[in-house]
Amino acid sequence: MADYVANPLRVFWSSAVLAKRALFAWLSPGLWLMQLFTMSLFSIAFFVYVAKYVQNPDVSVAFVAVGNALQSVAYVSIFAVCNITGEEKEQGTLQGVLVSPANRFSIFVGRAMFQIVNGLATVGIAFFYAAFLFGVDFSSANLLTLAAVVLMTTFAMTGFGLMLSSLGMYLRTSMVIANIFLFIGLLFNGVNFPISYLPAFLQPISYAMPMTYGTEAARAAVSGASIADVSGLLASEALIGIVAILLGYVMLRAFEHLARSKGTMERLY
Amino acid sequence: MARLRAVWTAFRHQALHFFADPQWLIPNIIAPFILTLVALMLFRSASGNVVLYAILGGGMMGMWGNTLYASGFSIQSERWWGTLESVLAVPTSMIWIIAGRAIWNSMVGILNGFFILVIAVTVFQTPLNLNDVPLFILAFVLTLISLACLGLVFSSAFVLTRSAGVLTNGLEFPIYVGTGTMFPIALLPFWTQPLAFSLGPTWGIDAIRYAALSDYSSGLTPGYWGDLAIMAVLSVCYLVIAVWLFKQVDHRARRDANLGRY
């Protein structure tokens with residue numbers, strides 16, 4: 001009985017360690033740091049300058065900077081996590097992973113663990129830029145609430161990324177899906193403008209994505225809201241994250257079955 | 001003549017690759033496409049010319065995004081496939097092969113501009129009244145060529161690194177910010193402006209806006225023809241740098257024998 005618990009945990013841990021080692025095997029630490037420090041800077045800068053130029057009364061610099069600072073987690077939690085299966089396929093190791101008796105859930109969630117740490121660091125740096133480069137006033141911010149929002153958003157978005165990653169098992173590449181969902185959040189999640197700007201028939205899509213709740217909660221935290229004040233938003237976000245992980249697991253098994261039966265597992269181009 | 005034939009063959013080869021797997025267009029242009037839609041949402045209360053300003057910027061981002069991604073990944077893909085050494089070893093210099101690809105990639109970027117145009121007209125109902133169509137087309141074509149030249153510089157640099165993909169991702173937003181695709185570069189801190197002025201697309205988009213917008217008041221001082229002249233000089237500089245870089249890359253790749261390493 002103990003093995004039923006210990007084995008998945010062991011697989012989970014070794015998968016997490018392996019993912020970190022694999023990342024630094026092809027990416028030098030210097031380049032990783034450069035990516036960490038510049039990725040969010042320029043995406044925030046782009047929208048802040050657009051907001052300054054447009055001078056839309058609903059969209060202040062703080063609105064855009066805080067939204068994009070939190071959205072920067074998508075670069076790792078959506079893009080990197082979504083590409084997990086695609087990268088295995090690209091490297092020719094997907095079949096080796098899938099013929100092992102190891103628990104699939106442990107393998108793929110383990111692979112995503114380092115990206116959660118990476119995501120937290122990315123968002124931390126992005127909020128630093130928001131405060132010190134783009135002049136967002138954090139004097140009345142509730143930092144504990146903000147930390148809780150960042151943690152929950154990173155978890156939920158990683159779950160969302162894992163769900164998308166399952167598609168990479170069947171499709172030729174996960175890169176296309178990863179790119180679409182990396183940027184689509186900028187349009188649907190209230191990062192750069194209020195969701196009410198979207199046509200009514202598109203708004204349900206916004207509320208099916210965890211980042212929507214995260215951005216609203218982050219702005220409330222910067223205005224001084226307590227954890228209790230944003231508990232509803234955090235609960236919704238957590239729920240979507242958990243559903244995404246569970247749904248992702250079911251999709252992973254379904255697509256694995258489909259890829260096996262159709263012989264598309266090795267298909268790349 | 002042999003070089004032109006190599007350019008044409010590489011152009012055709014890249015086109016065939018594209019048609020064999022057109023889904024790769026999505027990663028190349030999705031960012032500029034979405035960024036333009038976001039900007040259009042923000043500009044929604046603005047008048048016609050301001051919206052056209054954003055649409056032109058979006059088209060520019062699309063061409064630039066495609067040039068950058070295709071430059072980066074055409075090298076990286078060769079490396080993955082194990083064909084990079086063979087391409088470098090053929091008697092034709094690699095720069096002509098990459099040039100053919102870069103021209104195709106810049107052309108495909110036009111597609112993004114077209115998609116944005118369709119969305120702008122159908123969804124945002126923006127009137128598309130170009131002020132001077134012949135000057136607009138001239139600026140557009142020259143900007144396309146300038147982008148292809150810049151793509152050559154990036155391609156040569158990417159041959160040397162196994163992190164071309166990371167660099168490609170990392171360069172996208174800095175260029176969108178630095179070239180003022182969606183806002184006047186006067187808004188940027190002063191110290192960043194020399195970098196902005198060293199990029200052909202900065203002058204290209206300005207010339208395009210001079211030709212397209214009747215009341216374009218926030219343009220750069222040289223004006224339409226000045227923009228084109230500066231862009232032409234910069235494009236020649238890019239070509240010289242690219243030729244020099246490719247020679248260095250060729251030498252270094254043969255000396256270090258690590259071209260295929262990733």
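**Close-up views of a predicted two-chain model**

**View 1. Buried residues of helix 11 of chain A.** In helix 11 of chain A, the buried positions (20 or more other C-beta atoms within 10 Å of the residue's own, C-beta atoms being placed from the backbone) are A:L233, A:L234, A:E237, A:I240, A:G241, A:A244, A:I245, A:G248, A:L252, A:F255 and A:A259. The model is predicted: local features need pLDDT of at least 70, side-chain atom pairs count only at pLDDT 80 or more, and totals for chains, interfaces and linings use all residues. Residues are numbered from 1 along each chain as its sequence is written, and chains are lettered from A in the order in which they are written. These buried residues pack against helix 6 (104-132), helix 7 and helix 10 (210-222) of chain A, contact meaning C-beta atoms, placed from the backbone, within 7 Å. Helices are DSSP runs (H or I, at least four residues) numbered from the N terminus.

**View 2. Span and end of helix 11 of chain A.** The 32 residues of helix 11 (residues 231-262) reach 45 Å from first C-alpha to last, close to the expected 46 Å (1.5 Å times one less than the number of residues). A:G263 follows helix 11 of chain A and has a positive phi, near 65°.

**View 3. The contact between chains A and B.** Chain A contributes 31 residues and chain B 29 residues. Helix 2 of chain A gives the most to the side of chain A that touches chain B, with 15 residues. That side divides into 24 nonpolar, six polar and one charged (nonpolar: Ala, Val, Leu, Ile, Met, Phe, Trp, Tyr, Cys and Pro; charged: Asp, Glu, Lys and Arg; polar: the others, Gly among them).

Definitions and conventions
Contact = placed C-beta atoms within 7 Å. Helix = DSSP H or I, 4+ residues; strand = E, 2+ residues; numbered from the N terminus. Buried ≥ 20, exposed ≤ 12 C-beta atoms within 10 Å, placed from the backbone.
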